[in-house]
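Here is a quick tour for anyone meeting this structure for the first time. Have a look at the sequence and the model, then read on.

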Amino acid sequence: MTPLSGFLLVAALVFAIGLAGALTRRNAILVLIGIELMLNAANLNLIAFWRYGPHPAALTGMMFAIFSIAVAAAEAAVGLGLVIAIYRHARTTDLDQMNRMKG
Amino acid sequence: MTFAFYVIAALTVAGGLAAVLLRNTVHCALAVTIAFAGLAMLFLDLDAQFAGFAQILVYIGAVAILIVFAILLTRNSETPRDGVFSRNWFAGLFVAAAIFAVLGWAVLHSIAVLPNHAAVPAVTVAQIGQALVGRYVLPLEIVALLLTAAMIGAVIIALDEKGRTK
């Protein structure tokens, strides 16, 4: 197993764990945590390909990962704000109980 | 494949698994912080110092704190009454396992064309800064705009509605 495939396997495992969390948990905050794990796994892929790619001095993969981290931070802020707004409205963060389109 | 890689990878995967499997939401937030730290160490292992420290600053410093705040602001989310997994958890687990199987198969059965023992790229923070204000200046400005919009949007969304008493 080459070093690159080792990192890619770890990224795939973290992605699958995050996806399982996002699909199976009932708490909305835990679903957001799963989404964050998936984003982090994608960043790990980008950095690994940057490190073992043909032109690391061009910084392309590194820049992509840095911008991805910034976008993920914005996503976390808005997502958790939405969770708090929904909690204030429905008094729960249980996604199985949020089954009404009309408040 | 060094020994450090295996240790950090095991730590990261264990943190992620604990974040998904634990019952208490606060414990999940702590476990996901461990996973974030493990990913930052993997970035450092890949000689991406700037991305590693940005990961520590943004994820452990900001996102983990945000998650803990959200958990504390939604009080009854800490102790689930009837199970923490949704009714159709089996379908979700199946989808995740299938995707991991496909990704793992693709990684293990692809032919390596990239040089797998490339020299350590000598990238300094000064070079990254030059690239950020040179070649990548437009994405940088767009990210600045996005962060401002996201901040204002998050405040407006989480703001109490007018005329409503709690």
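A residue counts as buried when its relative accessible area is under 20%. This is a predicted model, and in it A:Arg26 has 11% relative accessibility, so A:Arg26 counts as buried. You'll find A:Arg26 in the loop between α1 (3–24) and α2 (28–52) of chain A. Its side chain also has a partner: a polar contact of 2.9 Å links A:Arg26 to the side chain of A:Asp94.

Now for the helices on either side of that loop. Two packed helices are described by the angle between their axes and the distance between the axes. Here are those values for two pairs.

| Helix pair | Axis angle | Axis distance |
|---|---|---|
| α1(A) and α2(A) | roughly 165° | within 7 Å |
| α3(A) and α3(B) | about 5° | 10 Å |

How do α1(A) and α2(A) run, roughly parallel or antiparallel to each other? An angle over 145 degrees counts as roughly antiparallel, and α1(A) and α2(A) therefore fall in that class. Their crossing is left-handed. Among the residues that meet are A:Phe7 and A:Val14 from α1(A), and A:Met38 and A:Phe49 from α2(A). By class, this contact has 20 nonpolar, three polar and no charged residues.

The contact includes A:Ile66 and A:Leu80 on α3(A), plus B:Tyr59 and B:Leu66 on α3(B). Its residues divide into 19 nonpolar, one polar and no charged.

Terms used: Residues are numbered from 1 along each chain as its sequence is written. Chains are lettered from A and ligands numbered from 1 in the order in which they are written. This is a predicted model: local features need pLDDT of at least 70, side-chain atom pairs count only at pLDDT 80 or more; totals for chains, interfaces and linings use all residues. Side-chain values use heavy atoms; hydrogens and water are left out. Helices (H or I, at least four residues) and strands (E, at least two) are DSSP runs, numbered from the N terminus. Buried means under 20% relative accessible area, exposed over 50%, partly exposed in between (1.4 Å probe, protein chains only). A polar contact is a pair of N or O atoms within 3.5 Å; within protein, one must be able to donate a hydrogen and the other to accept it, and residues adjacent in sequence count only if both atoms are side-chain atoms. Axes are lines fitted to C-alpha atoms, for helices over the stretch in contact, and angles run from 0 to 180 degrees between N-to-C directions. Angles under 35 degrees count as roughly parallel, over 145 as roughly antiparallel, 65 to 115 as roughly perpendicular and the rest as oblique. A crossing is left-handed if the near helix is turned anticlockwise from the far one by less than a right angle, and right-handed if clockwise. Contact means heavy atoms within 4.5 Å. Ala, Val, Leu, Ile, Met, Phe, Trp, Tyr, Cys and Pro count as nonpolar, Asp, Glu, Lys and Arg as charged, and the others, Gly among them, as polar.
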